[in-house]
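Please look through the sequence and the model shown here before reading on. The report that follows takes up the pocket, the core and the confidence in turn.

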Amino acid sequence: MNAPDPLQEIKQNFLRQYPLEDTYCHIGQNRYHLMAIPDAELLLDQLLDQGDDSEDVIDERLPYWAELWPSAIALSEHLLEGCNIEPETSVIELGCGMGLCGMVAATLGAEVLLTDYAPQALELAQLNWQLN
């Protein structure tokens with residue numbers, strides 16, 4: 001009997017809630033494979049459909065994690081081009097979203113801890129981390 005594939009389990013759990021698509025991001029000479037939400041606006045609509053009394057609406061839990069932000073690409077490029085990250089440097093990524101910056105830091109040899117307020121972001125980052 002084969003052991004379950006953790007990557008497939010993460011992906012299937014995520015797909016039960018959200019559509020995903022493959023996307024690729026080139027940072028320096030590196031190519032990162034990312035799973036992304038094709039329409040993050042759909043998540044915002046779903047949030048607003050919960051009504052003004054919803055805890056998620058009151059707490060403004062906007063789905064920022066669902067998009068690959070230009071700032072994440074710029075920071076990732078800066079990490080490769082302008083930072084001197086020594087192997088085994090400890091790095092914490094606050095508000096990791098899709099996890100790109102942490103993956104780039106890991107490419108440079110850092111030990112990375114990804115954090116985010118939204119549990120969905122951590123799931124997506126974990127999926128993307130496993131893909132790379």
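On a 1 Å grid over the protein atoms alone, a pocket is an open set of points where a 1.4 Å probe fits, with protein on both sides within 12 Å along at least five of seven lines, and its lining residues have an atom within 4 Å of a point. A volume is the space filled by probe spheres set on the points, which are joined across faces, edges and corners. This is a predicted model, in which local features need pLDDT of at least 70 and side-chain atom pairs count only at pLDDT 80 or more, while totals for chains, interfaces and linings use all residues. Residues are numbered from 1 along each chain as its sequence is written, and side-chain values use heavy atoms, without hydrogens and water.

The largest pocket holds about 730 Å³ of space, and of its 37 lining residues Leu62, Tyr64, Trp65, Asp116 and Ala118 are the closest to its centre.

Trp65 also belongs to the largest nonpolar core, a set of 30 residues in which Phe14, Leu20, Ile37, Trp65, Leu124 and Leu127 touch the most other members; such a core consists of buried Ala, Val, Leu, Ile, Met, Phe, Trp, Tyr and Cys residues joined through side-chain atoms within 4.5 Å, where buried means under 20% relative accessible area (1.4 Å probe, protein chains only).

The predictor's confidence in each residue, pLDDT, runs from 0 to 100, and its mean over the chain is 88, with 98% of residues at 70 or more.

| Element | Mean pLDDT |
|---|---|
| Helix H3 (residues 55–58), lowest | 71 |
| Strand S4 (residues 111–114), highest | 97 |

Technical notes
Buried < 20%, exposed > 50% of the residue type's maximum accessible area, 1.4 Å probe, protein only. Helix = DSSP H or I, 4+ residues; strand = E, 2+ residues; numbered from the N terminus.
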